[in-house]
Amino acid sequence: MDNEGTIRYINSAAASLLYVEQGKAVGQQIKQLTGADTQLLELLKGHSFDNQQMLTDTPRGILHYLCSGRTIRNENNQIIGAVATLKSMKAAQKLVHSMIKSQTFGFNDIIRASSAMEYVIDIAQRVAISDCTVLVRGESGTGKELFARAIHEDSTRNNHPFVPINCAALPETLLESELFGYEEGAFSGAKKGGEIGLFEAAHHGTLFLDEIGELSLILQGKLLRAIQEGVIRRVGSNRHIPIDVRIIAATNRNLEEMVETKQFRQDLYYRINVIPINIPPLRKRPEDVPLLLKYFHTKYCIELNKSLEFSQAAFNLLTSYAWPGNVRELQNVVLRAIHLTVGGEIEISNLLITGEINLENGNNLAQNENNLKKTIDHTEKTILEKALQKHGSARGAAREVGLSHTAVLNKIRRYKLEHLLSPTSRK
């Protein structure tokens, strides 16, 4: 546009986005297309900007898009016009989702050897493909968000956003606008043009409500209405916006007790507790501890460029510890120990564990020098057995577990699993 706000050029993509004919738009004032209070006029005052959210009322409805603009000046530094690029908000959201798609987390990424975790994962995999609301329960640090991400990744919504929010992290006033969005002027400091909420951002995808037990009763009522009616209303607006969102909630609180004491709405409780998934604490699945230690030890040694091993005393302590903070505590202890260790071996003094060592409820294999190797071998054998039972051949099993044909043949001989091969594949 020129310095008077008259459109001098518009490409076919912008014309399509604004629902105008390309030829007829040239010569019109920009405010005729994007509204009298359009932010694009700020460019003619010398205010360039990047990725500003804008709303435009058109005959075909309200457009929501991102806009970046630059002022154009002549050799005398006088403003002679401006240029702007527009991208629909839906297209922008798809772009962001495609960029983070490679960071997805699935059930195969959950490290486990225990039957307790296998049972929980089996339930989660079966409900993932449905649109049912899921309530993930477990102590702090058990990995509730990882389960929610895995459920989303296994669902038919996995090509759309997974949007998480911690309900305990924001005050009630901010949380409402974060969930439902707000209109321009809804409150002091509200952005020009308003802001979409997380429900709209998660449209066709999954909204993960972590620590849902921390919501106030007022917000619980608004959340219940959004789930039941499939519509939301932004703060400061009377307009209803339809949303298609799957809800996965999580809590470490006793919701049943909260319902009894009127701290949590009973109707919301029954709405979100359609499919309950209970993640057992780490102290109840000690078989998982050696694998988790191995995983985090390898991960942080690579990241910090160190070559360290656990002393037997340190390893025995870690596998007999009660882990009140669950996987998160284990992760932090390993990272801290690798940072603090000066020599080539991680000793007990490097662990800085101050909690209770619970030998009775801890890992009963802790006194065995080879228990880490045995646990890993047991897990490897179990996975290979399942693959062979499914495919009946070494080649099929190799594809299933992601190893070479030769490697699988060697492991079949090592674990004496030849009886699981079909007659034809043994030839």
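This report describes a sheet, a pocket and several single residues of a predicted model.

Residues are numbered from 1 along each chain as its sequence is written, and side-chain values use heavy atoms, with hydrogens and water left out. Because the model is predicted, local features need pLDDT of at least 70 and side-chain atom pairs count only at pLDDT 80 or more, whereas totals for chains, interfaces and linings use all residues.

## The parallel sheet

Helices (H or I, at least four residues) and strands (E, at least two) are DSSP runs, numbered from the N terminus. Two strands are taken as paired if DSSP finds at least two bridges between them. Strands of a sheet pair through backbone hydrogen bonds, either parallel or antiparallel.

In this model, five strands make up an open sheet with parallel pairing, and their order is E5-E6-E9-E4-E10. Strand E5 (162–166) and strand E10 (275–278) stand at the edges; each has a single partner strand, so one side of each is left without a neighbour in the sheet. On average, neighbouring strands are turned by 20° against each other, direction ignored; for such angles, axes are lines fitted to C-alpha atoms, for helices over the stretch in contact, and angles run from 0 to 180 degrees between N-to-C directions.

| Strand pair | Sense | Bridges | Facing residues |
|---|---|---|---|
| E6 (residues 206–210) and E9 (residues 246–251) | parallel | four | Thr206 and Arg246 |
| E4 (residues 134–137) and E9 | parallel | four | Val134 and Ile248 |
| E4 and E10 | parallel | four | Val134 and Ile275 |

Burial is judged by relative accessible area: buried means under 20%, exposed over 50%, and partly exposed in between (1.4 Å probe, protein chains only). Six of the six residues of E9 are buried, so this strand is largely enclosed by the rest of the structure. On one side of E9 the buried residues are Arg246, Ile248 and Ala250, and on the other they are Ile247, Ala249 and Thr251. E4 is likewise covered on both faces, with Val134 and Val136 buried on one side and Leu135 and Arg137 on the other.

## The largest pocket

The largest pocket has a volume of about 1000 Å³. On a 1 Å grid over the protein atoms alone, a pocket is an open set of points with protein on both sides within 12 Å along at least five of seven lines, and lining residues have an atom within 4 Å of a point. Grid points are joined across faces, edges and corners, and a volume is the space filled by probe spheres set on the points.

Of the 27 lining residues, Asn108, Arg112, Glu118, Thr379 and Ile383 are the closest to the pocket centre. At least two lining residues come from each of helix H5 (115–128), helix H12 (288–303), helix H15 (371–391) and helix H16 (394–401). H15 gives the most, with 10 residues. By class, the lining holds 12 nonpolar, five polar and 10 charged residues; Ala, Val, Leu, Ile, Met, Phe, Trp, Tyr, Cys and Pro count as nonpolar, Asp, Glu, Lys and Arg as charged, and the others, Gly among them, as polar.

## Other helices and single residues

Helix H13 (residues 312–320) is mostly covered, with seven of its nine residues buried. The buried residues of H13 include Phe315, Leu317 and Leu318.

Glu178, in helix H7 (residues 172–180), is partly exposed at 35% relative accessibility.

Met1 belongs to the segment before helix H1 (12–17) and is buried, with a relative accessible area of 19%. Between Met1 and Gly81, 80 residues apart along the chain, the C-alpha separation is 5.5 Å.

Which cysteines count as buried? Cys67 is buried at 0% relative accessible area, and Cys167 is buried at 3%. A search of the whole structure finds zero disulfides, a disulfide being a pair of cysteine sulfur atoms within 2.5 Å.

How values were computed: On a 1 Å grid over the protein atoms alone, a cavity is a set of points where a 1.4 Å probe fits but cannot get out, and a pocket is an open set with protein on both sides within 12 Å along at least five of seven lines; lining residues have an atom within 4 Å of a point.
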